[in-house]
Amino acid sequence: MLTGFTAGMLLAYTGMLGLCLGLERHYRQVWQQVPPAWLRRSLRAAGWLALALALLACVLAWGAAMGPVGWFGLVSLTGFALVLLLPLAPRLALWLPAAGGVLWVLLLGAGLWPGEPF
């Protein structure tokens with residue numbers, strides 16, 4: 001269950017980050033340049049895809065009844081974390097899901113993370 005929760009949390013944060021960077025003002029806040037239209041659309045599409053994968057991870061972890069409820073909670077939690085982190089450290093907000101994913105895979109592969117992989 002903890003593995004699915006962590007996967008759902010990382011995917012929800014990545015999805016919210018993709019949707020956030022799909023907006024011109026937030027992209028400019030992080031990269032100090034205006035993004036092309038194709039990049040904004042791609043970021044939004046990747047954000048929605050990551051949110052859908054987060055829903056799948058939550059359903060696999062908690063079942064069909066509680067999975068969507070947990071997903072809504074994770075999306076709210078990660079969105080709030082992103083809102084607090086983006087004005088203070090925008091580059092950290094970008095690297096956080098990548099570092100978390102690498103750490104999660106390393107701990108899971110070494111057997112140090114409790115829970116079974118999907």
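**An exposed loop residue and the helix packing**

Modeller: Glutamine 32 has a relative accessibility of 57% and therefore counts as exposed; please keep in mind throughout that this is a predicted model.

Biologist: Where does glutamine 32 sit?

Modeller: Glutamine 32 belongs to the loop that lies between helix 2, residues 24-31, and helix 3.

Biologist: And what is its backbone like, I mean the phi of glutamine 32?

Modeller: The phi of glutamine 32 is positive, at about 60°, although the residue is not a glycine. For background, most residues other than glycine have a negative phi.

Biologist: Changing topic, at what angle do helix 1 and helix 4 pack?

Modeller: Helix 1, which covers residues 2-21, packs against helix 4, residues 90-109, at an angle of about 160°, and their axes are 10 Å apart. Because angles over 145 degrees count as roughly antiparallel, helix 1 is roughly antiparallel to helix 4.

Biologist: Is that crossing of helix 1 and helix 4 left-handed or right-handed?

Modeller: The crossing of these two helices is left-handed.

Biologist: Which residues make the contact?

Modeller: Helix 1 contributes Thr3, Thr6, Ala7, Leu10, Tyr13, Thr14, Leu17 and Leu21, while helix 4 contributes Ala93, Leu94, Leu96, Pro97, Gly100, Gly101, Trp104 and Leu108. Sorted by class, the contact of helix 1 with helix 4 has 11 nonpolar residues, five polar ones and no charged ones.

Biologist: How do helix 3 and helix 4 pack, then?

Modeller: Helix 3, residues 37-88, and helix 4 pack at an angle of about 135°, with 5 Å between their axes, and helix 3 and helix 4 are therefore oblique to each other. On the helix 3 side, Leu82, Leu85, Leu86, Pro87 and Leu88 meet Pro90, Leu92, Ala93 and Leu96 of helix 4.

Biologist: What classes of residue are in the contact of helix 3 with helix 4?

Modeller: By class, that contact has nine nonpolar residues, with no polar and no charged ones.

Biologist: What is methionine 9 in contact with?

Modeller: If neighbours within four places in sequence are left aside, methionine 9 is in contact with Leu74 and Thr78.

Biologist: And how far apart are methionine 9 and glycine 22?

Modeller: Methionine 9 and glycine 22 are separated by 13 residues in sequence, and their C-alpha atoms are 20 Å apart in space.

Conventions:
Residues are numbered from 1 along each chain as its sequence is written. This is a predicted model: local features need pLDDT of at least 70, side-chain atom pairs count only at pLDDT 80 or more; totals for chains, interfaces and linings use all residues. Side-chain values use heavy atoms; hydrogens and water are left out. Axes are lines fitted to C-alpha atoms, for helices over the stretch in contact, and angles run from 0 to 180 degrees between N-to-C directions. Helices (H or I, at least four residues) and strands (E, at least two) are DSSP runs, numbered from the N terminus. Angles under 35 degrees count as roughly parallel, over 145 as roughly antiparallel, 65 to 115 as roughly perpendicular and the rest as oblique. A crossing is left-handed if the near helix is turned anticlockwise from the far one by less than a right angle, and right-handed if clockwise. Contact means heavy atoms within 4.5 Å. Ala, Val, Leu, Ile, Met, Phe, Trp, Tyr, Cys and Pro count as nonpolar, Asp, Glu, Lys and Arg as charged, and the others, Gly among them, as polar. Buried means under 20% relative accessible area, exposed over 50%, partly exposed in between (1.4 Å probe, protein chains only).
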